[in-house]
Amino acid sequence: MEVQIVRDEDIEGLLIDLHRAHGYDFSDYSRASMKRRLIRLITIDRFPSFAELHYRLINDSFYLRRFLEEITVNVTEMFRDPEFFKYLRQHIIPTLGTYPFIRIWVAGCASGEEAYSIAILLKEANLLHKSLIYATDLNPRVLEKAKSGIFSLRSIKQYSENYLSSGGYQDFSSYYSAKYDVVIFNETLRKKIVFSTHNLVSDSSFNSFQLVLCRNVLIYFNTHLQGRVFDLIDKSLDNLGYLAMGTKETLRFASISPKYKQVDPNEKIWRKHDS
Amino acid sequence: MKRYGGNMIADLITIGGSAGSLQVILEILPKLRSDLSVSIIVVFHRKSAPNSEMLINLLALKTTLTIKEAEDKEKIKPGVVYIAPADYHLFIEKDHSLSLDASEKVNFSRPSIDLTFITAADVYQNRMVGVLLSGANSDGIRGLEAIQSQGGYCIAQDPLSSQVPYMPAKAISKKVVDTIATPSEIALFINNCKTTFQ
């Protein structure tokens, strides 16, 4: 199915009905990406028309879970952008170590790879025992996967390479046990991560943190929703806390930016300086 | 195949290339008029480099036009050349702004030429030109199809002038191309484009 077969007004209609029926508001998501996800879903689930997708989504709450999983982008890796994790390891984690208790929020965690990566960094800095990582996503199905700590063996090769380039010096395989074609990450890591649903569009701040990671999440939102999420993150961040974003994301144009300083011109990490 | 006759009306030119296309861009850029009013978006396949500034700086040496890496949610401006960042797809929004997307690779590529071309065609319709350069991939073919079906104009680099002719040759065989052009002819074509807001 090509782009022109899905009309923009059909998409608007679907988003309005979805919000009404199930409470999920995608109206401030970037449209081009949303349209592509919808066309992709129609193709892989073999809907004969857009109207059939619309009907199924509104009337079948089981299908809603699949829709949420497919409509949001859940592509992620452990230690994605190793240089970023190296910087965290060398500069940010040691500072967090000075706190009696460390709270970190991974906002939009998808299947949890980043949360596990952070847990490993904390473990290697001997800080995991006094840390808690909150990993949230709007999507219950990917959270179940994240909670299980089970990942495919196929992706582990890439993850180990990333781990090594991020300055990891342990045997990466000591963090998981492999069985058949999957691996499961250790209980010590898993018990320090709280996975929970949270929708950046509609939910409010639920705790305060010293580090918030929100990487490659805001690119799917329009500038209006980006502004809302920046405010939400700002409310959730302690003074002198850090916000980490994706390699092509920026805080520069956000209304909260005057309170924040980029910690390094090459890193997408900002520190809050509330006077 | 219809041949290009006079001046083309276009507000946006999208250029996609894979293996062997950087040299072509380096050849086209110095030939572009400095008062160009059409906007240009370039999608290269490249390895994710920690320092993308190097590529931008290299390209900037070749022209007086503004060359910049495309940023999320920025408005497309006239006479600016935008380069798609490595490891993100680049989409065009209805309000003529740019969006980044980190979803699955398409045609083993991120950025995917197809996705930029398809989203551009959706917005610019017959006010755009798609150009497919040298490459060994089939990324870009579906994109040209989308541009053509929206009334836009499609150019393939002359396979004889292409370091890796597979990609433009495939576009030509799929009949999604209006004109076959050498790098110099592509530059001339861009210089002759008239924008709707001029």
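I began with the open sheet of chain A: seven strands run in the order β6-β2-β1-β7-β8-β10-β9, with mixed pairing. Strands here are DSSP runs of E of at least two residues, helices are runs of H or I of at least four, and both are numbered from the N terminus. Two strands pair if DSSP finds at least two bridges between them.

I looked up the edges next. They are β6 (193-197) and β9 (260-262) of chain A, each pairing on one side only. Neighbouring strands of this sheet are turned by 20° on average, direction ignored.

This is a predicted model: local features need pLDDT of at least 70, side-chain atom pairs count only at pLDDT 80 or more, and totals for chains, interfaces and linings use all residues. Residues are numbered from 1 along each chain as its sequence is written, while chains are lettered from A and ligands numbered from 1 in the order in which they are written.

I then checked one strand pair. β1 (residues 102-107) and β2 (residues 131-137) of chain A pair in the parallel sense over six bridges. A:Val106 has A:Ala135 in β2(A) as its bridge partner.

I turned to chain B. I found six helices and nine strands there. Its radius of gyration, taken over C-alpha atoms, is 15 Å.

Technical notes: Rg over C-alpha atoms; globule rule 2.2 N^0.38 Å. Axes fitted to C-alpha atoms, helices over the stretch in contact; angles between N-to-C directions.
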